[in-house]
Amino acid sequence: MFKKILIANRGEIACRVIKTARKMGIKTVAIYSDADRNALHVKMADEAVHIGPPPANQSYIVIDKVMQAIKDTGAEAVHPGYGFLSENAKFAEALDAAGVAFIGPPVGAIEKMGDKITSKKIAQEAKVSTVPGYMGLIEDAEEAVKISNEVGYPVMIKASAGGGGKGMRIAWNDDEAREGFQSSKNEAANSFGDDRIFIEKFITQPRHIEIQVLCDSHGNGIYLGERECSIQRRQQKVVEEAPSPFLDEATRKAMGEQSVALAKAVDYASAGTVEFIVDGARNFYFLEMNTRLQVEHPVTELITGVDLVEQMIRVAYGEKLAMAQSDVTLTGWAIENRLYAEDPYRGFLPSIGRLTRYRPPAETASGPLLENGKWQGDAPAGDFAVRNDTGVFEGGEISMYYDPMIAKLCTWAPSRLEAIEHMRDALDGFELEGIGHNLPFLSAVMDHEIFIKGEMTTAFIEEQYPEGFEGVELSEDALRDIAASCAAMHRVAEIRRTRVSGRMDNHERRVGKDWVVTLQDHEFAVTIEADPMGSTVHFEGGGKVRVASDWTPGDQLARLDVDEGRLVLKVGKISGGFRIRSRGADLKVHVRSTRQAELAKLMPEKVAPDTSKLLLCPMPGLVVKINVEEGEEVQEGQALCTIEAMKMENILRAEKKGVVSKINAGAGDSLAVDEVIMEFE
């Protein structure tokens with residue numbers, strides 16, 4: 001077996017590979033840019049090599065620099081992770097020429113399957129169902145418009161060498177095809193060094209389902225079930241699960257067999273993924289093959305018991321697969337939520353900054369037992385597992401230079417509904433502060449009726465949140481539970497405050513029993529009866545809630561027993577109450593005495609400043625292009641400028657007709673959130 005491998009990547013996937021290498025007794029080498037000098041993957045590896053400035057095109061994807069790191073450390077093999085150089089045939093060729101093993105497929109397979117145009121032609125020859133589209137290269141925007149009309153709108157404009165949602169646009173008309181073509185080319189060039197573009201029919205109401213394949217260099221190939229990846233934003237996955245709640249066994253078998261046939265057609269050897277669009281009648285169409293490990297691979301590992309990274313390493317070393325198709329068993333259900341540094345309240349725009357608090361839920365190995373990559377017996381009923389793949393730590397920084405992923409939180413349980421419930425608990429207990437993040441959105445999805453029923457499509461976010469995600473409106477019963485909990489917590493905080501002041505001996509009498517709790521446009525008048533085991537909160541007009549907890553003031557996570565249920569709240573202090581986050585809702589909860597509540601109603605509301613005549617930068621980013629000039633009249637929907645952040649281009653458009661009076665930024669400028677880009681008359 002290899003004695004030392006270099007990981008040509010960063011972040012959580014580099015950490016993930018290091019964990020398996022350690023288990024196998026293999027030493028690891030990390031590479032890092034200036035921005036990642038103190039990154040977690042650098043701390044975890046046995047050795048680390050600096051390779052350049054923060055931009056990936058000056059560090060992580062510069063083949064010569066990576067090859068020099070390999071030479072300097074004597075690494076025998078390289079695992080590329082995903083993204084960066086993972087599907088770069090030139091990199092694989094350089095490794096082969098240097099006598100270094102590539103922990104991935106052969107160069108020929110990368111070239112054939114990594115290029116989406118070529119892969120579709122090969123898929124057609126291998127009798128795999130494919131989406132209608134134009135396979136040839138497209139020279140310019142006008143040709144893109146012509147082809148789009150021939151294929152028929154809507155169309156998907158995609159980078160041939162793309163992946164991870166980069167270089168991808170949906171166009172519904174000529175103008176969008178023209179703009180989408182140019183943005184896709186720019187993103188493709190910046191992210192992959194390859195700006196070739198192709199166009200295919202965009203199938204409405206689709207489901208995105210992919211098959212995991214595993215092949216060796218001895219002609220053996222198997223599939224390890226499917227993953228449902230339909231919940232996406234900007235064509236990038238957010239929630240994945242395995243198996244799919246939509247497929248039947250016959251469709252799974254057909255998709256799996258076609259996927260293996262495609263892999264064998266290109267002499268594939270390693271882990272790979274064949275992606276399909278599946279319509280409502282379970283007709284499936286080949287999209288692409290990713291010749292690398294997928295971000296969402298943990299859910300497959302959780303339901304099959306197969307360590308895919310270990311299998312990739314063993315295949316690269318020349319070993320035969322230790323399992324056949326008949327050995328593959330799908331046990332239980334697994335769900336993955338991608339935690340991103342992005343603000344769901346601002347259209348999922350990227351967020352950067354320091355993680356002032358990062359406390360993920362505890363990982364647990366309770367659940368299915370694995371030995372030698374295979375299940376050992378049936379998982380006992382009610383068992384579960386929590387897994388968190390991450391590459392960050394408390395106090396670390398989220399940079400503008402790389403993908404905004406913070407962690408991949410996974411749960412496994414014997415059934416889908418149990419896996420969802422454990423995911424809810426895990427999300428509720430995930431403490432994260434300092435940056436914008438999508439935890440509230442993920443919690444909302446786990447409680448959404450369509451997701452619970454398993455009826456989501458790739459249009460889920462656009463259809464369910466057409467005006468953008470604005471948080472969750474909790475039911476009155478849920479608000480009553482939170483109100484009762486906050487009243488009990490406020491009482492504890494007030495008792496502590498009076499003890500610290502030392503102004504009275506009978507602290508509980510001073511605090512009192514009667515309170516008014518306001519939250520999310522609801523007001524509850526309550527009376528608290530406390531005892532050594534907790535509090536009974538009585539509501540004016542009838543009803544009561546029993547609350548018990550060991551929460552103490554200052555704790556940012558409160559775990560409470562509320563009547564017969566369990567409630568987990570993220571707690572922040574605000575004047576006169578708490579900022580509470582629970583199940584996708586972000587609430588300001590005020591707990592006041594009766595007199596304070598009366599006076600609060602007399603206070604004038606604070607009016608937000610008027611920004612209607614300003615174009616503000618919605619995220620930290622780099623100005624790529626200013627499309628207008630001072631004095632120019634612009635129309636509603638007209639492109640004003642392009643901002644690049646975390647490898648994605650974002651076109652900012654005019655919300656209404658107006659005249660540009662002043663432009664405060666130019667191409668190449670780095671801007672902060674809410675910095676004024678231009679002003680209007």
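## Confidence of the model

What pLDDT does the chain average, and what percentage of the residues score at least 70? In this predicted model, the chain averages a pLDDT of 91, and 95% of the residues score at least 70. One stretch calls for caution: over residues 366-382 pLDDT stays under 50, and the model has 34 contacts beyond four places in sequence for these residues. Where pLDDT is low, the predicted coordinates should not be read in detail.

## Nonpolar cores

The largest nonpolar core has 38 residues, and those with the most contacts inside it are Val-239, Ile-335, Ile-406, Phe-441 and Phe-451. At least two residues of this core come from each of strand E12 (236-242), strand E15 (333-340), strand E24 (405-413), helix H12, helix H13 (439-447) and helix H15 (460-464). Helix H13 gives the most to this core, with 6 residues. Apart from this core lies another, of 37 residues, among them Ile-7, Cys-15, Ala-101 and Val-309.

Leaving aside its neighbours within four places in sequence, Phe-451 is in contact with Ile-231, Val-239, Glu-241, Ile-335, Arg-416, Ile-420, Val-445, Met-446 and Met-456. Two of these partners, Arg-416 and Ile-420, are among the buried residues of helix H12, which are Arg-416, Ala-419, Ile-420, His-422, Met-423, Arg-424, Ala-426, Leu-427 and Asp-428. The length of helix H12 (residues 416-428) can be checked against expectation: at 1.5 Å a residue its 13 residues should span 18 Å, and the end C-alpha atoms are 18 Å apart, which agrees.

## Hairpins around strand E32

With strand E31 (residues 565-574), E32 pairs in the antiparallel sense over 5 bridges, and Lys-573 stands opposite Phe-578 in E32. The two strands E31 and E32 form a hairpin with 2 residues between them, and Gly-576 in the turn has a positive phi of about 80°.

To strand E33 (residues 585-592), E32 is joined by 6 bridges, the two running antiparallel, with Ile-580 opposite Leu-587 in E33. The hairpin of E32 and E33 also has 2 residues between the strands, and there Arg-583 takes a positive phi near 50°. Because 5 of the 6 residues of E32 are buried, this strand is largely enclosed by the rest of the structure.

## Aromatic pairs

The structure holds 17 aromatic pairs. Trp-172 and Phe-202 form an edge-to-face pair, 6.3 Å centre to centre and with 75° between the planes. Trp-172 lies in the loop between strand E8 (166-171) and helix H8 (174-192), and Phe-202 in the loop between strand E9 (197-201) and strand E10 (207-215), so the pair ties together parts that are 30 residues apart in sequence. Phe-202, at 14% relative accessibility, counts as buried.

Tyr-401 and Tyr-402 form a tilted pair, 6.3 Å centre to centre and with 55° between the planes. Tyr-401 counts as partly exposed at 35% relative accessibility, whereas Tyr-402 counts as buried at 2%. Elsewhere, ring pairs link Tyr-345, Phe-348, Phe-441, Phe-460, Tyr-465 and Phe-469 into a cluster; one of these, Phe-441, is also among the residues with the most contacts inside the largest nonpolar core.

## A buried loop residue

Val-128 lies in the loop between helix H6 (116-125) and strand E6 (133-134), and at 5% relative accessibility this residue counts as buried. Leaving aside its neighbours within four places in sequence, Val-128 is in contact with Ala-123, Gln-258, Leu-262, Phe-276 and Phe-286. The C-alpha atoms of Val-128 and Ile-398, which are 270 residues apart along the chain, are separated by 41 Å.

Definitions and conventions:
Residues numbered from 1 in each chain as written. Predicted model: local features only at pLDDT ≥ 70, side-chain atom pairs only at ≥ 80, totals over all residues. Heavy atoms only, no water. Helix = DSSP H or I, 4+ residues; strand = E, 2+ residues; numbered from the N terminus. Expected span 1.5 Å × (residues − 1). Buried < 20%, exposed > 50% of the residue type's maximum accessible area, 1.4 Å probe, protein only. Pairing = 2+ DSSP bridges. Core = buried A, V, L, I, M, F, W, Y, C linked by side-chain atoms within 4.5 Å. Contact = heavy atoms within 4.5 Å. pLDDT = per-residue confidence, 0-100. Phe/Tyr/Trp six-rings, centres within 6.5 Å; stacked < 30°, edge-to-face > 60°.
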